[in-house]
Amino acid sequence: MAENDDAQEKSESATPKRLEEARRKGQIPRSRDLSAAAVTMSAAAALYMMGDSIAGKLYTLMQRCFSLTREQALDPAQMAPAFASAAIDGLKICAPVLGIICLAAVLAPLALGGWSFSTEALMPQFNRLNPLSGVKRMFSTRAVVELVKALAKFGVVGLVAVLVLWNDASTLLHLGQEPLDIAIAHTISLAGKALIAITAGLLIIAGIDVPYQLWSHAKQLKMSRQEIREEHKESEGSPEVKGRIRQLQQQFARQRMMQDVPKADVIVTNPTHFAVALRYDEKRMRAPIVVAKGVDLVAARIREIATEHNVPIFEAPPLARVLYRNVDIGGEIPSAVYQAVAQVLTYVFQLRVASRSGFQPPPRPDVTVEE
């Protein structure tokens, strides 16, 4: 029972395969606070650097828009085009700031989880419509953490805003007494300064939220030892299936090997435990090759096939053992046994000629090799 509980406890880090599956489903770490801090900081930097230029252009736009003749002001047909033209010009003036903000909104999430596009994340999840599941999410640990984060953000941003207003109270009160063009530039400058101060507070929150999101994401993807074993079986294959495949491969290889036994020139035996079939074609081969080999039952089957097809069987126990242990099927014999194999093949060829011509069979050679 204890072993089963230990196997089901999600105490192991996620495997690369699990992480890849989670990414395909759109489950990657994200920090909204990091995105908020990046957007606020980019807006503050843009206003701080381009504030004077934007202020001058907005002042010129305001002068042009409010400099109307009596006929223009009373003609409804001219007001709509004038408003559209002013809106387009205003958008063009603010476009650099808006572009920087949009770029920050896109790049900030990539800094944490990277780029990910998942169609599975777009699919509707009807289980979220379950009221009981919604109540559980409301009172979950994650909901409590998000509530604490929201209160912390409100407190930090509120405190920063109060400090900024308190420090610049006199400047804000004097804006109404300044010329319009100066007041606009001054207002944009104060807005950039306030955003920079707020960004400092948001960066503190993001510095806490980013490690938490990484830890939370890793915790959600943790696996039990049983899940890791099952994944390993799926990727590598179960031992039973792999063993069966190996067995079938051996059977097919043995069948192909037995089909080559009738093509052999001689079968070198132990005489009972080992059997090695040799073939040699001096026109196409540099040296004799082993076309089949086996021990015990396989060796007996090789001898049976050789007998059925009148393939000579030559008993040379040391040579048979050396060939079986040192040469793979289809491989050439080693140079150390050239002389011994040459003696065997010469004897077999002479025996074949003597049988056809009716001559006396040649004497059997004494073949010796070092094992």
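Reply: In the protein chain, 75% of the contacts with a separation of 6 or more are between residues 24 or more positions apart; contact means heavy atoms within 4.5 Å. This is a predicted model, in which local features need pLDDT of at least 70 and side-chain atom pairs count only at pLDDT 80 or more, while totals for chains, interfaces and linings use all residues. Residues are numbered from 1 along each chain as its sequence is written, and side-chain values use heavy atoms, with hydrogens and water left out.

The protein chain has 14 helices and four strands (DSSP runs numbered from the N terminus: helices H or I of at least four residues, strands E of at least two). Of its 371 residues, 30% count as buried (under 20% relative accessible area; exposed is over 50% and partly exposed in between, with a 1.4 Å probe and protein chains only).

Leaving out residues up to four places away in sequence, Leu323 touches Val276, Leu278, Ile333 and Val337. In soluble globular proteins, nonpolar side chains tend to be buried together.

Asp296 lies in the loop between β3 (289–295) and α12 (297–308). Though not a glycine, Asp296 has a positive phi of about 55 degrees, and at 45% relative accessibility this residue counts as partly exposed. Asn310 sits in the loop between α12 and β4 (313–315). Phi of Asn310 is also positive, near 60 degrees, in a residue other than glycine, and at 69% relative accessibility Asn310 counts as exposed.

Packing between helices can be followed at α7 (residues 141–167) and α9 (residues 180–220), which meet at an angle of about 165 degrees with their axes 8 Å apart (axes are lines fitted to C-alpha atoms, for helices over the stretch in contact, with angles from 0 to 180 degrees between N-to-C directions). That makes α7 roughly antiparallel to α9 (over 145 degrees; under 35 is roughly parallel, 65 to 115 roughly perpendicular and the rest oblique). Residues of α7 in the contact include Val145, Ala152, Val156 and Val160, and those of α9 include Ala194, Ile198, Leu202 and Ile205. By class, the contact has 12 nonpolar, five polar and six charged residues (Ala, Val, Leu, Ile, Met, Phe, Trp, Tyr, Cys and Pro count as nonpolar, Asp, Glu, Lys and Arg as charged, and the others, Gly among them, as polar).

Helix α3 (residues 32–66) holds Asp52 as well as Ser42. Ser42 is buried, at a relative accessible area of 11%, and touches Ile100, Ile101 and Ala104, not counting residues up to four places away in sequence. Asp52 is exposed, at 61%. His186 is 134 residues from Asp52 in sequence and 8.4 Å from it in space, C-alpha to C-alpha.
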